[in-house]
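Subject: A structure to look through

Dear colleague,

I am handing over a structure that I would like you to read slowly, with the viewer open beside this message. My notes on what was found follow directly below.

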Amino acid sequence: MASDDRRITSGRWHPPRSSRAEVADLFGEGQTLFVRLDAGGDPVAVGDLKRVEVSTRIGRVPRRIGFPDGSMFETDDNDAVDTWLKRLGRTGFIHELERFHPRLLGIVAAIVLLSVGIYRYAVPALVEVAVLVTPPAVTGWMASGTLLSLDKAVFSPSDLPEEKKNEIRSAFNQVAAFSARGASAYNLNFRKGGVIGPNAFALPDGTLVITDELVTLTEGDLDMIVGVLAHEIGHVERDHSLRQLYRAAGTAGLIMLIAGDVGSAGEDILTNGAALVALSYSRDAESEADRISVELMTKAGRDPRAIGRFFARLEEKLGIDSESSFISTHPGTAERRQAIDDYAKKLMPGGS
Ligand SMILES: [Zn+2]
């Protein structure tokens with residue numbers, strides 16, 4: 001075959017819906033592209049430039065040209081394709097962007113800085129505002145959603161005997177009566193913890209959950225159990241879990257902003273209980289809740305050091321690093337026990 005000045009380059013042609021590759025040449029005439037097999041014969045694919053799809057140039061990745069009939073021509077000769085496209089005035093806009101560009105790098109750096117700024121300053125401020133304006137109906141909705149998903153995923157019904165539950169409940173009510181919101185603000189639930197093991201947690205609306213495993217760990221020590229629950233009351237009173245939730249949601253929001261994808265992360269955090277329960281509190285929040293436990297226990301005439309004894313028990317039985325225990329979400333125990341003891345001493349009648 002004589003040389004044809006319409007020939008752009010050589011490559012491989014794939015028939016529609018086939019992975020078969022045939023050695024072929026690409027030709028251009030005016031606005032029309034067509035493919036001829038090396039084996040000869042009529043063009044096997046023809047398409048107007050407006051109707052073919054030319055893949056974007058990405059480094060040395062073979063260029064693909066999709067024809068309206070579904071067939072595809074592929075070539076490693078990117079330059080030839082570009083030259084032909086340029087001659088027709090269709091330059092690769094995206095290709096320009098994909099080239100390494102100092103200005104682009106500057107934009108990326110600016111976005112990263114802005115995001116860090118939002119994270120450091122705007123998220124904490126927004127969290128405080130959100131905590132203030134969240135209506136009780138919303139915290140109730142979050143809590144029921146959380147408990148529901150935890151019941152589906154991790155929990156099973158408590159195996160504790162009814163008398164034991166009643167004993168814990170009445171001791172709890174007696175202590176909760178001294179809390180700022182009163183006993184009626186709390187709703188105590190018993191569950192078998194499964195993978196989350198010995199645990200107790202509070203949801204923003206005052207829903208408390210205690211696992212059978214935690215009750216077992218205390219060997220039925222009622223002061224220890226109620227001390228832990230009083231600590232959870234502290235988290236509710238000071239809106240710790242709501243604050244944690246918003247902080248996480250804010251972070252997820254930021255990730256969405258950067259990634260441009262809402263994804264399931266945000267949805268998970270807002271509706272999935274596991275995410276809420278996995279959020280660990282700050283040390284400040286923990287000491288605050290410890291102090292409230294000591295105060296409530298003192299007022300109720302129970303052992304104010306019970307929460308400290310509970311931490312000692314946890315460490316002794318599970319070790320500090322146990323991932324599925326209360327410790328993983330309620331960090332810090334060594335100096336913490338000391339602080340509990342000191343505070344309890346201070347609150348004791350005649351204590352200093
Ligand atoms: Zn805590």
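Are α7 and α11 oblique to each other or parallel? Please keep in mind while you look that this is a predicted model. The axes of α7 and α11 come within 7 Å and cross at roughly 125°, and these two helices are therefore oblique to each other. The reasoning needs one cut-off, because angles over 145 degrees count as roughly antiparallel and those from 65 to 115 as roughly perpendicular, with the rest, apart from angles under 35, being oblique. The crossing of α7 and α11 is right-handed. On the side of α7 the contact is made by Asp223, Val226, Gly227, Ala230, His231, Ile233, Gly234, His235 and Glu237, while α11 brings Ala285, Glu286, Ala289, Asp290, Ile292, Ser293, Leu296 and Met297. Sorted by class, this contact of α7 with α11 has eight nonpolar, five polar and four charged residues.

By class, the contact of α5 with α7 divides into eleven nonpolar residues, no polar ones and one charged.

Helix α11 has a further partner in helix α14, which spans residues 334-347, and these two pack at an angle of about 35° with their axes 10 Å apart. The crossing of α11 and α14 is again right-handed. From α11 the contact draws on Arg283, Glu286, Asp290, Arg291, Val294, Glu295 and Thr298, and from α14 on Glu335, Arg336, Ile340, Tyr343, Ala344 and Leu347. The residues of the contact of α11 with α14 divide into five nonpolar, one polar and seven charged.

Which side chains does the side chain of Glu286 make polar contacts with? Glu286 sits in helix α11, residues 283-299, and its side chain makes a polar contact of 3.0 Å with the side chain of His231, while another polar contact, of 2.6 Å, joins the side chains of Glu286 and Arg336. His231 is among the α7 residues in the contact with α11, and Arg336 is among the α14 residues in the contact with α11. Glu286 has a relative accessibility of 1% and therefore counts as buried, since buried means under 20%.

Asp82 lies in helix α1, residues 78-87, and counts as buried because its relative accessibility is 15%. The side chains of Asp82 and Arg63 are joined by a polar contact of 2.9 Å.

Most residues other than glycine have a negative phi. Arg17, however, has a phi near 50°, which is a positive value in a residue other than glycine; Arg17 lies in the loop between β1 (7-14) and β2 (22-29) and, at 80% relative accessibility, counts as exposed. Glu219 has a positive phi as well, near 55°, and lies in the loop between α6 (212-217) and α7, where it is exposed with a relative accessible area of 57%.

Ala180 is found in the loop between α5 and β9 (187-192), and at 71% relative accessibility Ala180 counts as exposed. Although Ala180 and Glu237 are 57 residues apart in sequence, their C-alpha atoms are 7.3 Å apart in space.

Finally, for the chain as a whole, there are 14 helices and eleven strands, and buried residues make up 43% of the 352 residues. Among the contacts in the protein chain with a separation of 6 or more, 59% come from residues 24 or more positions apart.

Definitions and conventions: Residues are numbered from 1 along each chain as its sequence is written. This is a predicted model: local features need pLDDT of at least 70, side-chain atom pairs count only at pLDDT 80 or more; totals for chains, interfaces and linings use all residues. Side-chain values use heavy atoms; hydrogens and water are left out. Ala, Val, Leu, Ile, Met, Phe, Trp, Tyr, Cys and Pro count as nonpolar, Asp, Glu, Lys and Arg as charged, and the others, Gly among them, as polar. Helices (H or I, at least four residues) and strands (E, at least two) are DSSP runs, numbered from the N terminus. Buried means under 20% relative accessible area, exposed over 50%, partly exposed in between (1.4 Å probe, protein chains only). A polar contact is a pair of N or O atoms within 3.5 Å; within protein, one must be able to donate a hydrogen and the other to accept it, and residues adjacent in sequence count only if both atoms are side-chain atoms. Contact means heavy atoms within 4.5 Å. Axes are lines fitted to C-alpha atoms, for helices over the stretch in contact, and angles run from 0 to 180 degrees between N-to-C directions. A crossing is left-handed if the near helix is turned anticlockwise from the far one by less than a right angle, and right-handed if clockwise.
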